[in-house]
Amino acid sequence: MSNTKTLSKTINTILWGNSVALAWTWGIGLFFSVQVAIQFGFDALVKFATIDAVGLTLFGVVNDFISRKFNSAEEFEQNFLKKASNFKFALLFYQFLAITLTLFACVKYVTLPLGVLSILVMGVFFGATIFLGEEFDIKRIKYSHAVFGMIMFISLAVLVNSQLFSNLDLISTTVTSSQQGMTASLAINNSTGLFSFGSPLENFAFWIPIMIGFLVGPWLDIQNWQRVIQIRKENLSTSATYIIGGLIFWSILMLDGLIALACFDYGREFYPDVLVAMSNLDPHSILFPFKATITKVLAIEPQFNYLLGFYLTFVGLGALTTFDSAYIAYKWYSESLVKDAKGLIFSVLPAKSFSSPILGFVLCIITATTTVHFAEFGKF
């Protein structure tokens, strides 16, 4: 009986670790890793992925210590909701920013380069989010994310074992330490990027936003707070869960960045005009956007067209895990805010109209679509 209980806890810990990682793989993780890898090289990718993963892990470890000061998970939840009501603008705005940026990035760097209407993409994401948010509450979201995670890693495995990597099977050759595998690995590891920092000040300025994300990122995310509380309710170790989540998250960022480097190297050799045409800026400028590189290369090269489907699956599911997590977390947090709220507006409209995530998502869609419109000078 004891072994069965231990096995159940272990499985649930892994499932929650996977859910933590996927929900944190929003627009910044999906596309900034591409930008960092190409522009600043493999070493910068490792630093970026490691710093972000460590920041996520520390959130869980610290909260494991904090939550155990309370007699129960319910008491910890009540304490958090009470204190969080003082920071509602910051917490809700953070969710708005995460969803809007992810929508913007998916449209700008994936679907628009393929000629797909942005409003159609928004509608698909919106419908899928409502369905998943209503069907899978916080108690069951780890199961839907387990399926998503399997599909995402299968997609990534296909991509890194494709002809993108110098016609080599990167995983098997690296594992067997063959000379070809070492050559392929060294080609990636020696990638230094296009941009060189002109001074220590420029280098310092680049790492400021990354360090801000490391220090405050998960702490402003109500998705992570809801997960910590639910993990505590299930009598699981938050530390173990977030350590697993940090490792999975690190792996996703690294694989995404490696695929970006492979696509960029291929595109630079065979389709240099396509890469240059992504912006009017000098490719060596720190402002040059490389985030659409994977989409562009996989779409233009006929032998890689089948890989585009796997990449779209990876990005689409990665975005959905953020959206459905935000939907559930917003409903949970906003219900606590409006429960005892008083005022003229609440006498006219029902409280549920304010606690529903649907209005918030509509605002995110409008903002993202408008931003994409101006970014593309009217190209919907």
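1. A surface patch is built from residues with over 30% relative accessible area and no salt bridge, where like charges are joined within 9 Å and nonpolar side chains (Val, Leu, Ile, Met, Phe, Trp, Tyr) within 5 Å. A salt bridge is a side-chain nitrogen of Lys or Arg within 4 Å of a carboxyl oxygen of Asp or Glu. Accessible areas come from the Shrake-Rupley method with a 1.4 Å probe, and for residues only the protein chains shown count as cover.

2. This is a predicted model, in which local features need pLDDT of at least 70, side-chain atom pairs count only at pLDDT 80 or more, and totals for chains, interfaces and linings use all residues. Residues are numbered from 1 along each chain as its sequence is written, and side-chain values use heavy atoms, with hydrogens and water left out.

3. Val54, Leu58, Val61, Val62, Ile243 and Leu247 make a nonpolar surface patch of about 450 Å². At least two of its residues come from each of helix H3 (42–67) and helix H12 (238–270); helices are DSSP runs of H or I, at least four residues, numbered from the N terminus. H3 gives the most, with 4 residues.

4. Leu58 lies in helix H3. Its relative accessible area is 40%, so Leu58 is partly exposed (buried means under 20%, exposed over 50%, partly exposed in between).

5. Asn63 is also placed in helix H3, but it counts as buried, at 0% relative accessibility. Leaving out residues up to four places away in sequence, Asn63 touches Phe76, Trp219, Trp225 and Val228 (contact means heavy atoms within 4.5 Å).

6. Ile38 belongs to helix H2 (residues 27–40) and is buried at 1% relative accessibility.

Definitions and conventions:
Buried < 20%, exposed > 50% of the residue type's maximum accessible area, 1.4 Å probe, protein only.
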